[in-house]
Every structure is written in C-alpha cells, then in structure tokens.
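Dear colleague,

Please find below the structure that I am handing over to you, followed by an account of what was found in it. I would be grateful if you kept it open while reading.

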Amino acid sequence: MKMQVKGLPEKTLLRELESRLKGDFSFNSGRIVGSMCTNPHPLARKMYARFLDKNLGDSGLFPAVTALEEETLKMLGTVLSNPEASGHIVTGGTEANVLALWTARKLAKKTNCEVIVPASAHCSFDKAADLLGLKIVKARLNDRFQVDVESVKKAATPKTIALVGIAGTTALGVVDPVDELSELALEKNLYLHVDAAFGGFVLPFLKDLGYKVPDFDFAVPGVCSITVDPHKMGLAPIPAGGIVFRNESLRKVVSWDIPYLSGGETEQATLVGTRSGASAIAVWTVMKHLGREGYRKTVGKCMHLTVKLAEEIPKIRGLSVATEPTMNIVGLKSDTFDVRRIAEELRLRKWAISLFPRHIRIVIMPHVQEKHVEELLQDLSKIVDKLRG
Ligand code: 0PR
C-alpha cells in the first residue's frame, strides 16, 4: 500500500483500527490460555502512556527516569534475595538472556566457547548463541523435566564458559536444581545464569504463601545473573524484561561509553540504544502499587485455579498432566489421543493454547477466571467424547 498524500483525522483512523483489530484474540475473553502475557495493570498502562517521551538511551536527558530504573532494579533484587543487585529493564526475556551470555563471554576472554543449557531452554538461548558465536550444548532432562545435573557435568569441557538453569521452563514451568548447578559452577569457575523470565514474578510470592519453592535466586551463591520479566507475571506493559546481575561490576561488563549525546556523555549497557523509559516507569509503578501483598494475591489466585485444573484434567478419561504444576502452568497430555488432534479441536472452539510435541501448555494468567477454567474443562470432555467417536 502506498502512503497517502493527505492525512486522515483521528476519528476515521480510530474507527478503522477498531474494526480491523476486532478479529484478534483479547485477554478479556478468557480464551487465551497458552500465553505468558496478560492485560497490563491499569495503572501501569496509564503511566506508560503518560511518559512515552522518556528515553533511557540518553540518560543524561532523563536522570530522574534513570534513578527510577535503578530503584526498580533494587526492588527486583530484594524480591530475588539480593538488595545489592543491579541491571536493567530491557525489551524482554530474549534481550536479557542475550545480555547474560554476552557478559559470560566477555568475562571468559576466550574464543570457541560453549554454554550448557537444559534441553528445555527457551529458543532465546539459541538466538543468543548464534549472535554471539557461542556453541550451545543441551543437557538432558530427568523424568521430572528438570535438567539432569549429571548430564551437565558430563557435557562440561575446557571450552565451557557458562551454565544456565531455568526457574519456570517455557513448556511446563519446572524449576531446575539451581543449587546443584551452583556447586558445579563454583567448582569449575563458570558463569551461572538463571532464566526466571516467567518464574521470577511467581516463585517468591508462592514461597510467601507457603508453597514449597526450591531455591533459584541470588540466595544460591553461584548465581551471577537472573532474567525476570515484568511483562509476563509482573503485569507490566510490553516491552518489559529484566536482566538482574548480582552486583554492579557484573552489570558493567557489557557497557559502552557514548560521549556525544545531547544529555552529555553516557553509558549504555543494553543491546538497544534508544530505549523506553516508559517501560521502566510502568514497572516501577506496578511494583510500588501492588507491593508484595498484591503480587501474592494475584499469584495465589492463579495457582489455586491451576491446581484445580490439574486435578480435574485426569478425571476426563484419556487425559492426564505431564507433571504436577510447580507454578501456574499445566501440561495437558494423553496416552490415548494425539495431542495435536486435541489442540486442533480446542482451537476450533477458539481456545488459544500452546502446542508442544508431547503436551498442550495451559498457562493460567491473571486474566483467566474460574468460569473460563470450567468452560475449558467442559470443552475438553466434549472433545474427548468426539475423538472416541
Ligand atoms: N525465557 C523463558 C523461560 C521464556 O518462557 C521466554 C518466553 C523467554 C525467555 C523470552 O522472553 P521474551 O519473549 O520476552 O523475549 N516465553 C514465552 C513463550 O515462548 C513468550 C510468549 C509470551 C509467547 C506470550 C507467546 C505469548 O503469547 O511461550
């Protein structure tokens, strides 16, 4: 389409956008049960829209936003058992994971490097490795879908520079034995990164609520950095990822001095230059507004529905769950039916689910209500009856 010469008024454009975007899924419908995102908190949305001009890439122009970002990182640090933490609000988990591996590679000061990740690692590690010229070695999982530490040990060679553990795997929300990875990392002097993109805003609050939560954060001594995404369970608007380093000197390993900017000489330690100050402000706002208590309530509600769903699924003949949920993710599987067929039928009924090779991922995000879980269970029963013929 050619760009038109004469501009169109707001009313016309709004009408066109509303009509054209109607076909998209919406979180409010409750039908999105396979995504790790949700409706941003209304106050975060409001502040985001209000401060769209703020650019953290030229921090000299916006020192007050820079201070808010630092404060946000301190809040994230305390949630992750380390008030000394430092880092940035970035575009998402992918950028955070890239920054972690970039830091590990710079610290290693060598070429031909390898990074060992669990077989369950998010594809952002493959992207990061491709970008950084690293070789990714995938370690096997045990029968609970956690990384098998023996397999990590066997994979370690003199070329290994870093290990990755996951606190909330993409497929099933499983937490790796980070304490054991830490022992290995400390013994072999390797960088240890934890990808808690999803779990970072879940596990600390589940722990507060009395759920059994394995150690995954800076309380584990070998952990150098953690990815934690406010635009997932943090209820912040997209884009908002978090890279949290154990200390300020790790944060500065990947850092460029930019001398010519309009705000004066500045440092950039993220992949992108110009970057949203509004994102950092929105994260600051929602964390301040909800407090630990607010997140506890949200996470508690999601987990309650998750447990209910995981208990009800096996009551439908032919269906089961891949593993007991650690967080608000359920893996729906079947030994009787092809999960692709079940997924197809769910999609026909307008459920937006996520399909993995051996299971369907259902993520109970805050926009999913009890009635949606009940409707989903009813549809699953109907689908099973239909597939039985
Ligand atoms: N690490 C983990 C453990 C993840 O699950 C993800 C994304 C990332 C890193 C990368 O995060 P960004 O997507 O912010 O860069 N996990 C989700 C997934 O692949 C992303 C997602 C979210 C996909 C919402 C779809 C969707 O509707 O499932």
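I begin with the largest pocket, whose lining consists, by class, of 11 nonpolar, three polar and seven charged residues. In this scheme Ala, Val, Leu, Ile, Met, Phe, Trp, Tyr, Cys and Pro are nonpolar, Asp, Glu, Lys and Arg are charged, and the others, Gly among them, are polar. The model is a predicted one, in which local features need pLDDT of at least 70 and side-chain atom pairs count only at pLDDT 80 or more, while totals for chains, interfaces and linings use all residues. Residues are numbered from 1 along each chain as its sequence is written, and side-chain values use heavy atoms, with hydrogens and water left out.

The largest pocket holds about 590 Å³ of space. Of the 21 residues lining this pocket, Lys212, Pro214, Glu324, Pro325 and Thr326 are the closest to its centre. Helix H7 (178–188) and helix H10 (277–312) each supply at least two residues of the lining, and H10 gives the most, with four residues. The second largest pocket holds about 430 Å³. Its lining has 17 residues, and Phe145, Ala171, Leu172, Arg358 and His359 lie nearest its centre. By class, that lining has nine nonpolar, six polar and two charged residues.

For reference, a pocket is found on a 1 Å grid over the protein atoms alone, as an open set of points where a 1.4 Å probe fits, with protein on both sides within 12 Å along at least five of seven lines; lining residues have an atom within 4 Å of a point. Grid points are joined across faces, edges and corners, and a volume is the space filled by probe spheres set on the points. Helices (H or I, at least four residues) and strands (E, at least two) are DSSP runs, numbered from the N terminus.

I turn next to charged pairs. A search of the whole structure finds 27 salt bridges, each being a side-chain nitrogen of Lys or Arg within 4 Å of a carboxyl oxygen of Asp or Glu. Arg251 takes part in a salt bridge with Glu248, at 2.8 Å from N to O. These two residues are three apart in helix H9 (residues 248–251), and are therefore separated by about one helical turn. Arg251 also meets Glu267 in a salt bridge, at 3.2 Å from N to O. Because Arg251 lies in helix H9 and Glu267 in strand E9 (residues 266–268), this pair ties together parts that are 16 residues apart in sequence. Arg251 is buried, at 8% relative accessibility, whereas Glu248 is partly exposed at 35% and Glu267 is partly exposed at 27%. Here buried means under 20% relative accessible area, exposed over 50%, and partly exposed in between (1.4 Å probe, protein chains only).

Finally, Ser124 is found in helix H5 (residues 124–132) and is buried, with a relative accessible area of 0%. Leaving aside neighbours within four places in sequence, Ser124 is in contact (heavy atoms within 4.5 Å) with Thr94 and Asn97. The side chains of Ser124 and Asn97 make a polar contact at 3.1 Å. A polar contact is a pair of N or O atoms within 3.5 Å; within protein, one must be able to donate a hydrogen and the other to accept it, and residues adjacent in sequence count only if both atoms are side-chain atoms.

With kind regards
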